[in-house]
Amino acid sequence: MSSTLSLEFAHAVVYVVDMEKILDFYTRVLGFEVTDRGPLGEREIVFLSQTADHHHQIAFVDSRNEAGRSNSVDHLAFRSSGSLAALRALHDALQAEPEVSGIRPLTHGNAWSVYFRDPEGNGIEVFIDTPWHVQQPQGKPLDFSMDDDALLAWTKEAFEADGAELSPLGEFYAARGEHLAQRSD
Ligand SMILES: [Fe+2]
């Protein structure tokens, strides 16, 4: 029998080399706040969050010897309810960070995303929802030189041109909600 616990993803703990460099980036550029920090054996753990209901969304432990990609995690993704203009501004801010690499704006049809590697090479995605559900996986490079209205229109047209079916995102999540409610009966 499967668990009757409903699971919500809550946080990731990431090993880092240079704690202060990572904290500077996640607080100054991505807007996280340090919610706690303290010793973990001979190391230090620092907790960060920017939501009202998660003590931490990410935590760092200074126990890594060498920066680089994880061999088992491609990226961590953070969803924002912010605007396309704010996502574009983040994209510009990332480009001003010399230690950020691999900045890649992308749309999956159901999301507008900016992928990048943080100053130690960890894969990060920041995304906002589009108004649509689109079957996954798929993605197209996103051109931030377009204004918001043009991006909205282009996104719909580009995925429809590929034969994708776009449906209202709210309907998709409402159906998921109904399904999950039945599961917990
Ligand atoms: Fe992703």
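Biologist: Which residue follows helix 1, and what is its phi?

Modeller: Helix 1 is followed by Gly31, and the phi of Gly31 is positive, near 90°. Helices here are DSSP runs of H or I with at least four residues, strands are runs of E with at least two, and both are numbered from the N terminus. This is a predicted model, in which local features need pLDDT of at least 70 and side-chain atom pairs count only at pLDDT 80 or more, while totals for chains, interfaces and linings use all residues. Residues are numbered from 1 along each chain as its sequence is written, and side-chain values use heavy atoms, with hydrogens and water left out.

Biologist: Which residues of helix 1 are buried?

Modeller: In helix 1, residues 19-29, the buried ones are Met19, Ile22, Leu23, Phe25, Tyr26 and Val29, where buried means under 20% relative accessible area, exposed over 50% and partly exposed in between, with a 1.4 Å probe and protein chains only. An α-helix has 3.6 residues a turn, so residues three or four places apart point the same way.

Biologist: And what do the buried residues of helix 1 pack against?

Modeller: They pack against strand 2, strand 3, strand 4, helix 2 (84-95), strand 7 and strand 8, with contact meaning heavy atoms within 4.5 Å.

Biologist: Switching to the metal, what coordinates the iron ion?

Modeller: His75 through NE2 and Glu125 through OE coordinate the iron ion, at 2.0 to 2.3 Å. His75 lies in the loop between strand 4 (58-61) and strand 5 (76-80), whereas Glu125 is in strand 8 (residues 123-129), so the pair ties together parts that are 50 residues apart in sequence. Donors are N, O and S atoms within 2.8 Å of the metal (3.2 Å for Na, K and Ca), and sites may look incomplete because water is not among the atoms.

Biologist: Is Glu125 buried or exposed?

Modeller: Glu125 is buried, with a relative accessible area of 6%, while His75 is partly exposed at 28%.

Biologist: In what order do the strands of the open sheet run?

Modeller: The open sheet has five strands in the order 5-8-7-6-10, with mixed pairing; two strands pair if DSSP finds at least two bridges between them. Strand 5 and strand 10 (140-141) are the edge strands, each pairing on one side only.

Biologist: How many bridges do strand 7 and strand 8 pair over?

Modeller: Strand 7 (residues 111-117) and strand 8 pair over seven bridges in the antiparallel sense, and Ala111 stands opposite Asp129 in strand 8. Strand 7 also holds Trp112, which counts as buried at 4% relative accessibility.

Biologist: What about strand 2 and strand 3: which residue takes a positive phi in their hairpin?

Modeller: That is Gly41, with a positive phi near 65°, in a hairpin that has two residues between the strands. Strand 2 (residues 33-40) and strand 3 (residues 43-49) pair in the antiparallel sense over seven bridges, and the bridge partner of Pro39 in strand 3 is Glu44.

Biologist: Which peptide bond is cis?

Modeller: The bond from Gln136 to Pro137 is cis, with omega near 5°, and Pro137 lies in the loop between strand 9 (132-133) and strand 10.

Biologist: Last one, how many helices and strands are in the protein chain?

Modeller: The protein chain has four helices and 11 strands, and 38% of its 185 residues count as buried. Its C-alpha atoms fill a box of roughly 55 × 50 × 30 Å, taken along the principal axes.
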